[in-house]
Amino acid sequence: MYHTPRGWYFGTRAKIGIWGSPNQGRFQESGASILVTSNELEDLNALEAGFHVYPDLYNDNNVHFFTHWTKDNDRSTGCYNLKCGGFVPAEGAELTPGQAVAPASTYDGEDHYISISLHTDPNSGDWVLFRDDLEKPLFLGHFPKELCPKLNGGASDGMDRNEPGPAMGSGHFPLEGERKAAYIKNIKLFDSKARAHDPYMEDLLPVLDRPDCYHLSIVDFVVKDRVYFYYGGPSGCIG
């Protein structure tokens, strides 16, 4: 992933490529998301939304839209989707937490994606979630500001270890590029007035804890897709 190391931010937006993982183990999770966190690991406050494959949660290997939150690094608070109080879905929203998403992208074939944004509402202080790849932004719901108090006023950063890990993204390395590797594109950051802007190069630092298994491209600042990167790798990582 890439994280934002300097200052305080009020949300992010990204175009996320949708990739399946049909051969994934039951207790494994693989996906892509946007994440806002506080900077205290012990009592980490975190809000997350994205797309993943998680057979133990859904009893299938489909790609699902998900939300997740915690205010103590998942020790005793938080949950996925609507399994506890937390995320409040918008009435009649066409995309709800836990919903299966199809079709997925295919290697060297069709590219399928969904753009989402998560940022603070300057009036209420709640963290609001939108789908942004339609004709106009679609409000999906919100995380109440009381849920993760250490995120009020902004965020500082946006399995069995012996079992072979699942594929990440498309299961191919970033070097393969367009239509073959998974991506995060059109990355935006939000200010306190909910205005989106392109991040600067110094706003994004790579975090790659298993370079022996998965790879991460540099961030590219091009005109077509603005700020983007590729990521991923095959299954089989141990540890």
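Helices (H or I, at least four residues) and strands (E, at least two) are DSSP runs, numbered from the N terminus. The views below show a predicted model, in which local features need pLDDT of at least 70, side-chain atom pairs count only at pLDDT 80 or more, and totals for chains, interfaces and linings use all residues. Residues are numbered from 1 along each chain as its sequence is written, and side-chain values use heavy atoms, with hydrogens and water left out.

**View 1. A194, a residue with positive phi.** A194 sits in the loop between β11 (182-190) and β12 (196-197). Its phi is positive, about 65 degrees, although A194 is not a glycine. Most residues other than glycine have a negative phi. With a relative accessibility of 25%, A194 counts as partly exposed (buried means under 20% relative accessible area, exposed over 50%, partly exposed in between, with a 1.4 Å probe and protein chains only).

**View 2. N59, a residue with positive phi.** The loop between α1 (55-58) and β5 (64-70) holds N59. N59 is not a glycine, yet has a positive phi of about 60 degrees. N59 is exposed, at 60% relative accessible area.

**View 3. The cis peptide bond between A102 and P103.** Omega for this bond is about -5 degrees. P103 belongs to the loop between β7 (88-89) and β8 (113-120). Most peptide bonds are trans.

**View 4. The largest cavity.** On a 1 Å grid over the protein atoms alone, a cavity is a set of points where a 1.4 Å probe fits but cannot get out, and a pocket is an open set with protein on both sides within 12 Å along at least five of seven lines; lining residues have an atom within 4 Å of a point. Grid points are joined across faces, edges and corners, and a volume is the space filled by probe spheres set on the points. The largest cavity has a volume of about 110 Å³. Of its 15 lining residues, W19, S30, G31, A32 and F51 lie nearest the centre. At least two lining residues come from each of β3 (30-37) and β4 (46-53).

**View 5. The second largest cavity.** Its volume is about 30 Å³. The lining consists of W19, S105, T106, G109, E110, D111, R179, A181 and Y183.

**View 6. The second largest pocket.** This pocket has a volume of about 220 Å³. It is lined by 17 residues, and S21, P22, N23, Q24 and A167 lie nearest its centre.
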